[in-house]
Amino acid sequence: MDAREKILRYYKGTEGEEISIRLVDIANQALKNRKYKLSGFLTPYEQEIAGTIANSLGEIKVDFNGGYIGAERQRAAFISEDFQGTPNFEISVIKAEWNGEFARLSHGDVLGSIMSLGIEREHIGDIIATKESAKIIVDKKMAEYFTTNLTQIGGTTVKTTLDELSSIAAKEERCKEIRATVASLRIDSIAAAGFGMSRSKAAVEIEAEKVKLNWQSVKNSSQSIKEGDIISMRGRGRLEVAEIRGLTKKGRTSVFLRRFF
């Protein structure tokens with residue numbers, strides 16, 4: 001079995017099956033042309049898959065770029081060892097502006113309006129929304145389409161222009177350290193402790209598919225957690241299971257968590 005078949009078999013039947021097929025093909029194209037080949041914008045989980053593919057195939061490496069320091073969604077460049085240049089990640093940023101006194105538009109409003117234009121998610125990177133504007137990281141080839149067609153967001157008229165990537169500040173995250181004891185290492189128990197909610201509320205959020213474990217969808221509330229895992233909850237940030245410290249005298253498990261906002 002060659003490396004390609006091993007990779008595809010490993011991800012078969014998982015959430016990463018479809019993207020692994022696409023990324024393996026992109027990596028093979030880079031090997032054949034002895035230059036580099038770009039992917040679309042990838043989630044952190046998909047970036048992990050890209051790294052696994054590069055390590056497995058050999059004679060190729062992978063670099064990532066999301067347009068600014070700290071970007072969550074990034075493009076992968078699979079680079080042949082024979083290539084001596086620097087990859088061009090072909091990333092642009094679009095600025096959409098509106099009157100903040102009359103409209104309150106969220107990240108979801110911006111993304112929803114973009115998707116309604118028929119644009120595939122892989123062409124869109126991070127969206128940095130403020131009170132009266134949003135900066136949208138996009139595939140450079142799509143920039144003109146955005147400035148021409150993105151005229152409304154959530155029913156509000158917007159002005160859309162091409163902006164400079166250098167105008168985006170590096171992402172700064174706030175971190176809160178949490179020391180807690182939990183009844184078990186189930187994901188609903190850890191999420192409840194880390195995000196400051198009841199275990200039943202955490203279970204509801206999991207059932208509503210708002211929670212991911214290591215960037216993958218969580219199947220049920222009883223899924224086990226281990227040290228080093230990352231739990232993210234829509235609208236509440238990200239939780240790192242920094243340390244599992246063992247049992248207390250009362251039989252509960254002591255954990256050290258880091259919550260990023």
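**Entry 1. The chain as a whole**

I began with burial, and of the 261 residues of the chain 44% count as buried, where buried means under 20% relative accessible area, exposed means over 50% and partly exposed lies in between, computed with a 1.4 Å probe on protein chains only. I note that this is a predicted model, in which local features need pLDDT of at least 70 and side-chain atom pairs count only at pLDDT 80 or more, while totals for chains, interfaces and linings use all residues. Residues are numbered from 1 along each chain as its sequence is written, and side-chain values use heavy atoms, with hydrogens and water left out.

I then looked up the secondary structure and found seven helices and 15 strands in the chain; these are DSSP runs numbered from the N terminus, with helices being H or I of at least four residues and strands E of at least two. Taken along the principal axes, the C-alpha atoms fill a box of roughly 60 × 60 × 30 Å. With contact taken as heavy atoms within 4.5 Å, I find that 59% of the contacts between residues at least 6 apart in sequence join residues at least 24 apart.

**Entry 2. The largest pocket**

I searched for pockets on a 1 Å grid over the protein atoms alone, where a pocket is an open set of points at which a 1.4 Å probe fits, with protein on both sides within 12 Å along at least five of seven lines, and where lining residues have an atom within 4 Å of a point. For volumes, grid points are joined across faces, edges and corners, and the volume is the space filled by probe spheres set on the points.

The largest pocket has a volume of about 930 Å³, and its lining consists of 24 residues, with Glu72, Lys212, Trp215, Ser232 and Arg234 nearest the centre. At least two lining residues come from each of α3 (44-57), β13 (230-233) and β14 (237-247), and α3 gives the most, with three. I sorted the lining by residue class, taking Ala, Val, Leu, Ile, Met, Phe, Trp, Tyr, Cys and Pro as nonpolar, Asp, Glu, Lys and Arg as charged, and the others, Gly among them, as polar; the result is seven nonpolar, five polar and 12 charged residues.

Trp215 lies in the loop between β11 (211-213) and β12 (216-217), and it counts as buried because its relative accessibility is 19%.

**Entry 3. The second largest pocket**

The second largest pocket holds about 420 Å³ of space. I count 15 lining residues, of which Tyr68, His107, Ile127, Ile128 and Lys171 are the closest to the centre. Strand β5 (residues 124-129) gives the most to this lining, with five residues, and by class the lining divides into seven nonpolar, two polar and six charged residues.

**Entry 4. Rings and charges**

Which aromatic residues pair edge-to-face? I took rings of Phe, Tyr and Trp (its six-membered ring) as paired if their centres lie within 6.5 Å, with planes under 30 degrees apart counted as stacked, over 60 as edge-to-face and the rest as tilted. The search of the whole structure gives two aromatic pairs. Tyr10 and Tyr11 form an edge-to-face pair, 4.9 Å centre to centre with 90 degrees between the planes; Tyr10 is exposed at a relative accessible area of 62%, whereas Tyr11 is buried at 7%.

I also looked for charges over rings, which requires NZ of Lys or CZ of Arg within 6 Å of the ring centre and within 35 degrees of the ring normal. The charged end of Arg75 sits over the ring of Phe41, 5.7 Å from its centre, and that of Arg174 sits over the ring of Phe261 at 4.7 Å.

**Entry 5. Single residues**

Glu59, in the loop between α3 and β2 (60-65), has a positive phi near 60 degrees and is exposed at 56% relative accessibility.

Thr147 in helix α5 (residues 143-149) is partly exposed at 29%. Leaving aside neighbours within four places in sequence, I find Thr147 in contact with Ile94, Thr160, Thr161 and Leu162.

Ser133 in strand β6 (residues 133-139) is buried at 13%, and beyond four places in sequence Ser133 touches Lys95, Ala96, Glu97, Trp98 and Ile128. Ser133 and Ser222, 89 residues apart in sequence, are 40 Å apart C-alpha to C-alpha.
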